[in-house]
Amino acid sequence: MRPTLVKSLLIGLIVLPLIGVIPTTWTWNPRLLDTVTTTVLMIAAVTLLNHLVGYAAGKAIAFRTGRLIRLMELLISLPLFLPVLLLSFGLYLTWIRLGLADQFLGVLLVLLLPTLPYTIRIYTNGFQALGEQMMEQMILIQPNRFKRFFFLTGPMMRSSLQSVTLLVTVIALSQYALVALIGGGVVRMIALEAFPLYTGNSLVAAKEATIWLIALPFLIYFVQLMVFSSWVRLVRRLLDGRNDPARNEDIWKEKGVTRD
Amino acid sequence: MWRGNAWPATLLIAGMVVYGLFVSLSMTTWNDYSRLASDAVFLESIGISLYVALSSTVLSVLVGAILADYFARRTGFTEQLLALPLFIPHLGAAYLSILYLSDLPVIGPHEANHLSIILTYLYKEVPFVFFYLLPVYRRLDHRYEELGLMLGLSRMRRFWHGKGVFLLFPVLEAAFIVFAFTLFAYEVPALLGVTYPKMIGVYAFDLYTQGDLSSQPAAFAISVVLTVSLLVVLLTFTRFVRPLTERISKGRAE
Amino acid sequence: MRKQIIGIAAAGLVLAGCGNTPAAPTQDKVLGSSYTTIEKEAADTTVRMYMWGGDDGINAYIDEYLTPRLKKEHQITLERVPIETADIIQKLRAEKKAGKETGVIDVIWINGDNFRNAKKDGLLYGEITKVLPNMKYVDPQAQGSDSGTPTDELEAAWGKVQYTFHYDQASVANPPKDLKTLKSWVKQNPGKFTYPEVTDFTGNAFVRHVMYGVESKETLQDPKADFKKTWAYLNELKPYLWKEGKTYPKTLAQLDQLYAKGDVSFTMGFNERRAEQEVKSGTFPKQTRPLILEEGSIASTHFLTIPFNAPNPNGALVTINQLLSAEAQLKKFDATYWGDGTSLDLSKLNQQEQAAFADVPAAASTPKPADFNGKVRAELDPELFDLIRKDWPERVAR
């Protein structure tokens, strides 16, 4: 395969289809504002919870041994292989009794099912790539776990963190049936707005909702990039003097850290 | 404590899965299952779902693996293009299909061959498989194949000992994830599928929501049957394939 | 580690506890009070209206006309939630089963089998029409029964429409007059006709029109009968339909899109005026014309109701009353947004209002009142809706 051929094929099949959703007119629909707000809040909450729970679990799966952790790994990956939507029929009745149905929190919990297994997989791979020796080394350098995360583990796991946010955002945005069922139309995510429009009679309205559906992951990813670059800049400034700027570029890449 | 803690994740996920399964089970009687076994509409729905899921899986794993093999040997910006579909929610990909394929014959939406659904999945899953396998391909040690060449092994055996054993488990895993997802998904087939037969996710959701209460046990029964059968496949998979690949690839690990 | 688990569990419980909403006012208290009190109680509240959301014109009527009006006149914040009616009923059933006394739905747009199911399962609030002042304008005939199920004041008639076919005169020179000529037209023009699948409201009604045409009166009365003539007629059409009948539009909206693109020459639906707005906006072909089959056109009334566990019944009542006002009905009737037939008895309105309704022009796509002479048919037993949904996939679509 010639590189140019591959490149043009990829551009033609992957990039060109996106031209159709570039907004041509800009109308501001107040309904969409509410929906976008709820969606962004929900994504922020689901992502945060994924990071918190998934980070710890991914580390455990990567660094612990024994039968128990293998069993836990299997249990955690179950939603990847099982019909989550169908299982949620059963959950829904219970959610009503617990007062979780039609609630932000209820949807938040159910959205963990299709997202958390991916998160944990990404973190497990990230920690495995980092390696046990590296972890031990970092503990020697910085015993305080919060400081350690801020100065060392966080920046080094940057690509895992970024992938998790992206994947969680994209999966959560796609859920129509789950959100309609558990959120009961009260928790209004974009999918709830877009889906009826796709089977509706107005292509313009459908496109308007799709723009958000596709733009949000890019926006969120961009915000995350900004956060990371200021994080890294802050870490550098705080560690100033210990590293000379010429080497900084490499230090936070996985290979560069083995300097000591 | 630095070794992490998998308890919260396990409790959350296993709790919801097991409990959801338990409630579904408690909503059904034995009759619902025997009726399901002879329900032609259900069986045809399973048939079409298997067709769509299998073709989507085989094609996306094949293309994804070829691309991973190709890009593992070079660096550059081009592979980043493949990340683009990862940013698009499935619902958005379905919209793109409606937008571009609607006026086309054969591959348009709502055709019995379901090509539009398969194409939508390919758009999303090929990049998924690609990025799932790329690190594996990059970690492959080419000296194994060179060794095979020196020992005068056949092409097939060279591939198997140099690459196959290391790829087997990740490829199967990626395939399994794509397969289960495409088999049960609701949104894409609901928007692009045909009137009859419906794919299983859509069929079960319709049974659950449409009409009177009488069809609800059937929806729960479908949920239980599918969950249990996938669970069996999964357990067989982890029980046999994993120890096998681990045994073979031992010595490679650091 | 155990501490952490307990911590998470406790946090979960606390958060779950926060989810409980304050209880709604009791049903007898609300329905026993005067409308003035209801209006006062409804001020500064939020009303959630659940309705099918696939029609841009209908959505715009709610979002652009009703919502600002309610805000201004009653300080009510209206939230439109686009969910299929059958899904709403299912949700209420689950809530009833689980004992959820305060739900989230305030107003539902409903009719036909969904109403029958909701009534049968006790999912509705009560005799709401008794307290609504604007009920005095509503046509008692429309209000009396919903597809044969007595409304028993559980719901209020919102609109009244006739099933009407629309065709493009540019491509259909000699429009069929009845089911027989429709069949021969379809055979001569393969691929140019189809109907939505029967889970769709309009598609289900198309099959009922075929039933009216081909089955005997006795069979029509008996939901247990075998409707083989109906299935036979539909199967005769099937190979000549759009995409050779291998698939059907999932919704009326999709059929409309096919019609708008010229892929098919016919569309159909409840509401004789529904094409006006589409022609005006350039979506439908300019030469769109109406067609009423000889076998008749089913008259359908659609309603508004309140579920048993509505969190804000006062606000729901005010919203419904507002929608039954002459002004709201006129806005719904003209072609700006929706063009939906009114449920009001026009003779009960004042002269000015009557004149306003009479002044709404009828486009060429709207049938004249005389076109319906002797052709208005009552809705069939809702049991048949279920029967069609169940049998059509196996006997026709398969």
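Residues 48-70 of chain B are 100% helix and 0% strand in this predicted model. UniProt lists the span as a "transmembrane region" in an unreviewed entry. The same record gives residues 7-28, 82-102, 114-134, 165-186 and 218-241 of chain B under that name. Residues 114-134 of chain B are 95% helix and 0% strand. Their end C-alpha atoms are 29 Å apart.

The mean pLDDT of the chain is 88, and 93% of its residues score at least 70. Helix α3 (residues 40-72) of chain B has the highest mean among the elements, at 95. Helix α11 (residues 216-248) of chain B has the lowest, at 82. Where pLDDT is low, predicted coordinates should not be read in detail.

Within chain B, Thr182(B) belongs to helix α8 (residues 155-184). Thr182(B) counts as buried because 26 C-beta neighbours lie inside 10 Å, against a threshold of 20 or more. Beyond its neighbours within four places in sequence, Thr182(B) is in contact with Val52(B), Ala53(B), Ser56(B), Thr57(B) and Tyr121(B). Pro89(B) is 93 residues from Thr182(B) along the chain. The C-alpha atoms of these two residues are separated by 14 Å.

A cis peptide bond was found elsewhere in chain B. It joins Tyr196(B) and Pro197(B), with omega at about -10 degrees. Pro197(B) sits in the loop between α9 (187-192) and α10 of chain B.

Chain A contains twelve helices and zero strands. Its pattern along the sequence is α-α-α-α-α-α-α-α-α-α-α-α. The C-alpha trace of chain A spans about 65 × 50 × 40 Å along its principal axes. Of its 260 residues, 47% count as buried. Among contacts in chain A with a separation of 6 or more, 74% are between residues 24 or more positions apart.

Helix α2 (residues 30-63) of chain A has 34 residues. From its first C-alpha to its last, α2(A) reaches 49 Å. That is close to the 50 Å expected at 1.5 Å a residue.

The unreviewed UniProt entry for chain A places the feature "transmembrane region" at residues 9-28, 40-62, 74-98, 104-124, 166-191 and 211-232. Two of these spans were examined in the model. Residues 74-98 of chain A are 92% helix and 0% strand, with end C-alpha atoms 28 Å apart. Residues 104-124 of chain A are 100% helix and 0% strand, with end C-alpha atoms 29 Å apart. The annotation "domain: ABC transmembrane type-1", also from an unreviewed UniProt entry, covers residues 36-224 of chain A. This span is 86% helix and 0% strand. Its end C-alpha atoms lie 18 Å apart.

Contacts between chains were examined next. In the A–B interface, 63 residues of chain A are in contact with 57 residues of chain B. The chain A side divides into 51 nonpolar, nine polar and three charged residues. In the B–C interface, 18 residues of chain B are in contact with 19 residues of chain C. Helices α1 (7-26) and α10 (200-209) of chain B each supply at least two residues of the chain B side. That side comprises nine nonpolar, six polar and three charged residues.

Two residues of chain C other than glycine have a positive phi. For Gln75(C), phi is about 55 degrees. Gln75(C) lies in the loop between α4 (56-74) and β2 (77-82) of chain C. It counts as exposed because 12 C-beta neighbours lie inside 10 Å, and exposed residues have 12 or fewer. For Glu244(C), phi is near 55 degrees, again a positive value in a residue that is not glycine. Glu244(C) is placed in the loop between α11 (228-237) and α12 (252-261) of chain C. Glu244(C) is likewise exposed, with 12 other C-beta atoms within 10 Å.

Definitions and conventions. Residues numbered from 1 in each chain as written. Chains lettered and ligands numbered in written order. Predicted model: local features only at pLDDT ≥ 70, side-chain atom pairs only at ≥ 80, totals over all residues. UniProt positions renumbered as here; feature names shortened; annotations may be inferred. Helix = DSSP H or I, 4+ residues; strand = E, 2+ residues; numbered from the N terminus. Contact = placed C-beta atoms within 7 Å. Nonpolar A, V, L, I, M, F, W, Y, C, P; charged D, E, K, R; others polar. pLDDT = per-residue confidence, 0-100. Expected span 1.5 Å × (residues − 1).
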